[in-house]
Amino acid sequence: MKKAFAAGIIILTLGFAVVAQQPAQQLAPAHELYRIIFFKAAPGKLPDLIDAYKNAPVPDNMTPRPMVFRHQSGDDWDLMVLYPLGAKAAMDANAPAPPEAIRKFKERVMSDYTWHSDTYASGPPLDVVQRALAVPPNAAQAGNSGGLYLIEESVALAGHHDELGKFLDRDIAAARARGSVKFEHVQGAPWDFLVIFRYASWYEYAAAETDPAADDEARKQGFANDAAIGLEYRTHISAHHDTFASRVQ
């Protein structure tokens with residue numbers, strides 16, 4: 001796999017300069033950094049916000065475009081944007097002025113939202129995330145061209161952070177989703193973990209939830225049955241938010 005970020009690539013959005021550094025001769029890291037932004041669009045501005053990110057400028061051809069997800073049902077946000085940052089990242093308060101295209105993009109985005117939250121998180125390498133979150137090839141046939149993604153934010157009970165992380169790994173292993181990925185909070189919003197499950201459509205999600213084999217998969221991960229997963233989850237969390245979304249980029 002070609003490394004997504006070469007040394008010195010700068011991503012400039014919403015007034016921040018993030019410098020992602022990835023040595024050319026280095027084994028793929030176990031984890032990489034991601035910037036996850038949730039937006040609440042201003043009234044009537046969601047189409048423009050989506051279009052802005054679909055046409056967002058990038059520094060060069062090696063920089064991956066952000067992954068963009070649109071709310072369908074659940075929490076009070078409209079758009080989630082996932083920026084890959086590579087294995088290391090740093091902020092520079094004295095970075096040079098951004099190119100004109102990026103400055104105009106920033107101004108456009110800032111006029112399109114009511115609020116936003118930024119979180120830096122660690123997750124699997126970019127190629128793993130891209131495969132896990134790719135729109136299923138049969139999504140359009142199922143009537144949902146952007147696929148269906150269940151996005152879960154979890155806040156651990158005091159003293160339960162590690163237990164929650166291990167539980168989520170078991171939950172992911174027991175899930176019947178087409179793909180899944182877990183991100184862990186580094187800096188930003190109050191959630192501790194964000195997990196994304198991928199399905200082709202609502203029909204596929206419903207089929208997974210009613211799959212007769214669900215209990216068997218749950219038992220393989222140490223749960224009494226499929227219903228016990230949700231019960232154990234609530235022994236480790238102080239809050240959680242579930243949102244269904246479709247991918248628009």
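Two strands are taken to pair if DSSP finds at least two bridges between them; strands (E, at least two residues) and helices (H or I, at least four) are DSSP runs, numbered from the N terminus. The model is predicted, so local features need pLDDT of at least 70 and side-chain atom pairs pLDDT 80 or more, whereas totals for chains, interfaces and linings use all residues. Residues are numbered from 1 along each chain as its sequence is written.

In strand β3, R35 stands opposite Y83 of β5. Seven bridges join these antiparallel strands, β3 covering residues 32–41 and β5 residues 79–86. Both belong to a closed barrel of eight strands with antiparallel pairing, in the order β3-β5-β4-β11-β8-β10-β9-β7. Neighbouring strands of this sheet are turned on average by 35 degrees against each other, direction ignored.

Helix α4 (residues 161–174) lies across β8, β9, β10 and β11, running at about 5 degrees to β10. Axes here are lines fitted to C-alpha atoms, for helices over the stretch in contact (heavy atoms within 4.5 Å), and angles run from 0 to 180 degrees between N-to-C directions.

Helix α4 is also among the elements that give two or more residues to the lining of the largest pocket, together with β8, β10, α5, α7 and β11. By class, this lining has ten nonpolar, two polar and seven charged residues, with Ala, Val, Leu, Ile, Met, Phe, Trp, Tyr, Cys and Pro counted as nonpolar, Asp, Glu, Lys and Arg as charged, and the others, Gly among them, as polar.

Terms used. Heavy atoms only, no water.
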